Amino acid sequence: QVQLVESGGGLVQAGRSLRLSCAASGRTFSGDPMGWFRQAPGKDREFVAVISWSGAVTFYADSVKGRFTISRDNTKNAVYLQMNSLKPEDTAVYYCAADPDGDWRAHYNYWGQGTQVTVSS
């Protein structure tokens with residue numbers, strides 16, 4: 001059974017940092033792009049960042065560019081999201097995803113269960 005398990009969420013003050021982790025099990029994703037998404041209350045899920053299989057190519061949503069950094073460790077079958085200079089509008093449930101199916105900004109074959117990030121002002 002394939003699983004993606006996120007961790008590292010929590011409550012943090014604006015301006016501080018958090019690092020999210022996503023550990024995959026059940027199959028290796030070393031040959032697949034992996035991404036992070038988020039969903040705020042009352043809003044649709046939105047793309048945050050994606051990283052290529054090698055880690056050489058990354059793309060970010062404009063709202064997080066310059067503040068968030070996506071990375072991966074294929075030896076651990078894991079992907080990370082370093083979030084700096086957090087803002088209250090970053091508050092959301094954050095999901096990792098693996099193995100895009102078409103549009104890498106929206107459609108993936110595997111999703112985690114999510115981790116809550118709350119940024120207080």
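Tutor: Val57 sits in the loop between strand S5 (46-51) and strand S6 (58-60). The model is predicted, so keep that in mind throughout. Is Val57 buried or exposed, or something in between? Its relative accessible area is 42%. Buried would need under 20%, and exposed would need over 50%. Val57 is therefore partly exposed.

Together with Phe59 and Trp104, Val57 forms a nonpolar patch. The accessible area of these three residues together is about 270 Å².

Now follow two of those names. Phe59 and Trp104 also belong to one aromatic cluster. The structure holds 7 aromatic pairs. Take Phe37 and Tyr108 as one of them. Their ring centres are 5.4 Å apart, and their planes stand at 75°. An angle over 60 degrees counts as edge-to-face, so that is what this pair is. Phe37 lies in strand S4 (residues 34-39), while Tyr108 lies in strand S10 (residues 108-111). The pair therefore ties together parts that are 71 residues apart in sequence. Both Phe37 and Tyr108 are buried.

Next, strand S11 (residues 115-120). Its side chains alternate. Thr115, Val117 and Val119 point to one face and are buried. S11 pairs with strand S2 (residues 10-13) in the parallel sense, over 4 bridges. There, Gln13 has Ser120 of S11 as its bridge partner. S11 also pairs with strand S9 (residues 92-100), here in the antiparallel sense and over 3 bridges. In that case Val93 has Gln116 of S11 as its bridge partner.

Last, the open sheet. It has 4 strands in the order S1-S3-S8-S7, with antiparallel pairing. Strand S1 (3-7) and strand S7 (68-73) are the edges, and each pairs on one side only. Neighbouring strands of this sheet are turned by 15° against each other on average, direction ignored. Look at S1 and strand S3 (residues 18-25): they pair in the antiparallel sense over 5 bridges. Leu4 has Ala24 in S3 as its bridge partner.

Terms used: Residues are numbered from 1 along each chain as its sequence is written. This is a predicted model: local features need pLDDT of at least 70, side-chain atom pairs count only at pLDDT 80 or more; totals for chains, interfaces and linings use all residues. Side-chain values use heavy atoms; hydrogens and water are left out. Two strands pair if DSSP finds at least two bridges between them. Helices (H or I, at least four residues) and strands (E, at least two) are DSSP runs, numbered from the N terminus. Axes are lines fitted to C-alpha atoms, for helices over the stretch in contact, and angles run from 0 to 180 degrees between N-to-C directions. Patches are made of residues with over 30% relative accessible area and no salt bridge: like charges are joined within 9 Å, nonpolar side chains (Val, Leu, Ile, Met, Phe, Trp, Tyr) within 5 Å. Accessible areas come from the Shrake-Rupley method with a 1.4 Å probe; for residues, only the protein chains shown count as cover. A salt bridge is a side-chain nitrogen of Lys or Arg within 4 Å of a carboxyl oxygen of Asp or Glu. Buried means under 20% relative accessible area, exposed over 50%, partly exposed in between (1.4 Å probe, protein chains only). Rings of Phe, Tyr and Trp (its six-membered ring) pair if their centres lie within 6.5 Å; planes under 30 degrees apart count as stacked, over 60 as edge-to-face and the rest as tilted.
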